[in-house]
Amino acid sequence: RDLHSFPTRRSSDLVVFGVNPQNIHSVPEGIAFYQELMRKLRSLPGVDSVTIMEDRLGSWSSENSDMMVDGKLPDAANGTSRTVRSNVIGPDFFRTLGVPVLAGRDFADSDTATSPHVGIVNELFAKRFLPNQDPLGHSIGTDDGRFQMTIVGVVKDHKYRSIGEEPIPMAWYMYAQIPITGKMHVELRVRGEPLAILPAARKAVQQMDPNLPLIKPMTQQGQYETTISPQLLFARLAGFFGILAVLLVATGLYGTLAYRVNSRTAEIGVRMAVGAQRGQVVWMVLRDSLILTGVGAVIGVPLAFLVAKALTSALYGIKPYDGLSYAFAVCSVALVAIVASLIPARRAANVDPLSALRAE
């Protein structure tokens, strides 16, 4: 399952792991370390592109604060928040993730500590803080005034901290222009089986520091799925109990209809003796089954509506009053009822009228 409103390219082709170098004592050393690490990883067979980031996507981590726009705090129009989520990232970040750049450009290796400081924002940031303007060329910066960047790109809104989050204004800074020296997360887009790249990536990292481990290596898809682990657990439990309910429905209907057929053997014999066809007898049994199913649906669907609102937080991507889901559930139960009725219906159709009347 690829992620809704996340990169248009496959997120399952992305591999992420953390690196926390211990022998870095200055900003230039940190920049040089990550430049060399990305160079080594880009040269690995099967790697399409590489980037880095301070906060790992899908980890619930992010920096959130007010942000200066053109040297001042922007107005929060119509009660909207001034809060902006930010992250420090590396070159080719959006190309690696597959996030469309709507205007301007991605970060590049040429964005260095000595070049003009640049930033990138998402489309919601541009709409909220720079409405009806071309955002390229405007300046953004932290509310303490320490860092000022010129906007050089606008990217499409996408999932960031978790699968279920709503869009929020976002801004990104280039790692080479921010004093970052510690832990970063590496993102690789690879061809083929994504986790197969990890041994080669581990070797490349250990060439720089033999004691440096990869922190929580996994696919980006797997990382995002951790943000809905409660929903996944709920889905698995719901699936288990759903299968159990199907078995109980089928067993209950079968038992009820088998009993009714046995108790109506004489009636069925009389009907067939006076000319009832086998198809009519089968329909008589199936009709009883569908009537029971209909009564259950009439009672069950309103009850489901009553509890649906309470389950909203556990239903990712499904509305609590999704008519299609209810229709599918009712049709599925009806199908189970028909299948459970076939054996009793067939038994009723094979009743010998003379034997049934003689037994009566």
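**Figure 1. Asp-48 and its salt-bridge partner Arg-191.** In this predicted model, Asp-48 is partly exposed, with a relative accessibility of 36%. Asp-48 forms a salt bridge with Arg-191, in which the closest N and O atoms lie 2.2 Å apart. Because Asp-48 belongs to strand β2 (residues 47-53) and Arg-191 to the loop between β10 (184-190) and α4 (198-208), the pair ties together parts that are 143 residues apart in sequence. Arg-191 itself is exposed, its relative accessible area being 52%.

**Figure 2. The salt bridge between Lys-40 and Glu-36 in helix α1.** The side chains of these two residues, Lys-40 and Glu-36, meet at 3.8 Å, taken from N to O. Both residues lie in helix α1 (residues 27-42), where Lys-40 and Glu-36 are 4 residues apart, about one turn of the helix. Lys-40 counts as buried at 18% relative accessibility, a value that falls under the 20% cut-off, whereas Glu-36, at 27%, counts as partly exposed.

**Figure 3. The salt bridge between Asp-111 and Arg-105.** Here the side chains of Asp-111 and Arg-105 meet in a salt bridge with an N to O distance of 2.9 Å. Asp-111 is buried, with a relative accessible area of 4%, while Arg-105 is partly exposed, with a relative accessible area of 32%. A search of the whole structure finds 6 salt bridges, among them the one between Asp-111 and Arg-105.

How values were computed
Residues are numbered from 1 along each chain as its sequence is written. This is a predicted model: local features need pLDDT of at least 70, side-chain atom pairs count only at pLDDT 80 or more; totals for chains, interfaces and linings use all residues. Side-chain values use heavy atoms; hydrogens and water are left out. A salt bridge is a side-chain nitrogen of Lys or Arg within 4 Å of a carboxyl oxygen of Asp or Glu. Helices (H or I, at least four residues) and strands (E, at least two) are DSSP runs, numbered from the N terminus. Buried means under 20% relative accessible area, exposed over 50%, partly exposed in between (1.4 Å probe, protein chains only).
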